[in-house]
Amino acid sequence: MPPIISVNQLSKTYASGFQALKQIDLDIRQGEIFALLGPNGAGKTTLISIICGIVNPSKGTVLADGHDVVRDYRAARAKIGLVPQELTTDAFETVWNTVSFSRGLFGRSANPAHIEKVLRDLSLWSKKDSRLMTLSGGMKRRVMIAKALSHEPQILFLDEPTAGVDVELRRDMWAMVRALRATGVTIILTTHYIDEAEEMADRIGVINKGELILVEDKAELMNKLGRKQLTLQLQNRLENIPQALSGYPLELSADGQQLVYTFDAQSEHTGIDVLLRQLGEAGIDFKDLRTSQSSLEDIFVNLVRERA
Amino acid sequence: MNIHAIRAIYGFEMARTWRTLLQSIVSPVISTSLYFVVFGAAIGAHMTAIDGVSYGAFIVPGLVMLSLLTQSISNASFGIYFPKFVGTIYEILSAPVSPFEIVAGYVGAAASKSIILGLIILVTARLFVPFHIEHPLWMLAFLLLTALTFSLFGFIIGIWADNFEKLQLVPLLIVTPLAFLGGSFYSTHMLPPFWQKVTLFNPVVYLISGFRWSFYGVSDVSLGVSVGMTLVFLAACLALVWWIFRSGYRLKA
């Protein structure tokens, strides 16, 4: 299946001279939930804004469902719904009117049944006649999601959807995202909360300083995440790993003082007990031991630091 | 053509008009009525007729134009400035709408509103002074053309302005003086020859002159020149709007 969004060699330099994106290549698969992870100012919002038509690209192209977002903007944008990061709503409009407005703006004929469904799904139905300025921040966030869903988009962008959102709304939002995915909608969300990416995404992309430094299946990342390391501080220096222990994924440090054993923490048999027994039998003593786990957070922090 | 989008923007803007009815319609009507009371009924009674038209009736077209100009500009400039200011413009920019559709929605609504207003003012004026309209179709044509042109002009100001002060600047410092000096309250023939020449550089003169001609068949400049100059200004505004969307000026980074 061709990618639903295809970003090719996309660069953006703002008028101030700030280069927000550097030759980004990225394919989003149809029907996936893709999390774009990165610190503040990494270029997440710029990337989304270019795809959605709010910012002009400096170089490169973006195809949305095969349509160039600049040349064929009408076809491309009709497929896309955007929930921006900032809470920007009209103060005086009612919930119903503002959501209906969005549907019309995106070229769809009125469909009160759909609007009603969207509002009910987002627990906004009881507020449909309320003016936006009377709503809480969380409710406004829901309204912005409702607006983005009003025209039944095939691709949904959520820019920092859970920034400043309470637990209940966050849970609702995640449920909604999963329900949308089940109907075939592709969802791209940006976040700097790693647990959110972990919880939601099928694939994760890490962006930093305008560069996409990693794109990987979450399962792959979780695999790395699930791996633990046992580090043994040896009593005596070791030249080689003894023949008897060659069956284990062991690594000896350069100074011969540390033995590192990598294992899957989630498996039933970690093999630690057998390893320690065999070490004893081989006459290798150790004075200390510790286990460590690489989290997505570590991976992320390392990646970002490496490039800094 | 995204008709739904034009309708959505137009409907949104008109809803704003009805919501702010007092400010949108009532206050210009009241201020115009005051002009009629002061200039038409009180002072006008002591003035001689101009070009055979009583002073009260003479100022009717000028006053309607004055409201039409200022309201078209303020409606349209505010209509596009406000979404920029609060940030809701993101939705317009990310929607599958062409520049033409955006302009049709915003400018169409602003022009509709000022035309409604112009007609209300005409009806109000009739309560104070008797007047007649010799060429009603021309009158409507001028009303439409002026509302459209100045709504476009207002739209440009709304995009250009990046704070509230700028939003008021052009209407206050340029448009209002031009409108007052454009022959709303006098015939330019009443000016000394030098100022008559100067006045020809004021585009509002052509609007008011043409509009007044549609009422009484008398004008400061010929009808053809009036229509021509208005169309030139309309074309200039269209060109500027076209450039704005092409370059993304003040809309897109």
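Two residues count as in contact if their C-beta atoms, placed from the backbone, lie within 7 Å. Helices here are DSSP runs of H or I with at least four residues, numbered from the N terminus.

This is a predicted model, where local features need pLDDT of at least 70, side-chain atom pairs count only at pLDDT 80 or more, and totals for chains, interfaces and linings use all residues. Residues are numbered from 1 along each chain as its sequence is written, while chains are lettered from A and ligands numbered from 1 in the order in which they are written.

Now for a pair of helices. α9(B) (residues 203–216) packs against α10(B) (residues 223–247) at about 130 degrees, and their axes are 8 Å apart. Axes are lines fitted to C-alpha atoms, for helices over the stretch in contact, and angles run from 0 to 180 degrees between N-to-C directions. That angle makes α9(B) oblique to α10(B), because under 35 degrees is roughly parallel, over 145 roughly antiparallel, 65 to 115 roughly perpendicular and the rest oblique.

So who touches whom? In α9(B), the residues P203(B), Y206(B), L207(B), S209(B), G210(B) and W213(B) meet a set in α10(B) including L223(B), V225(B), M229(B) and F233(B).

Finally, 20 residues of chain B are in contact with 26 residues of chain A. The biggest giver on chain B's side is α1(B), with 6 residues.

Technical notes: Helices (H or I, at least four residues) and strands (E, at least two) are DSSP runs, numbered from the N terminus.
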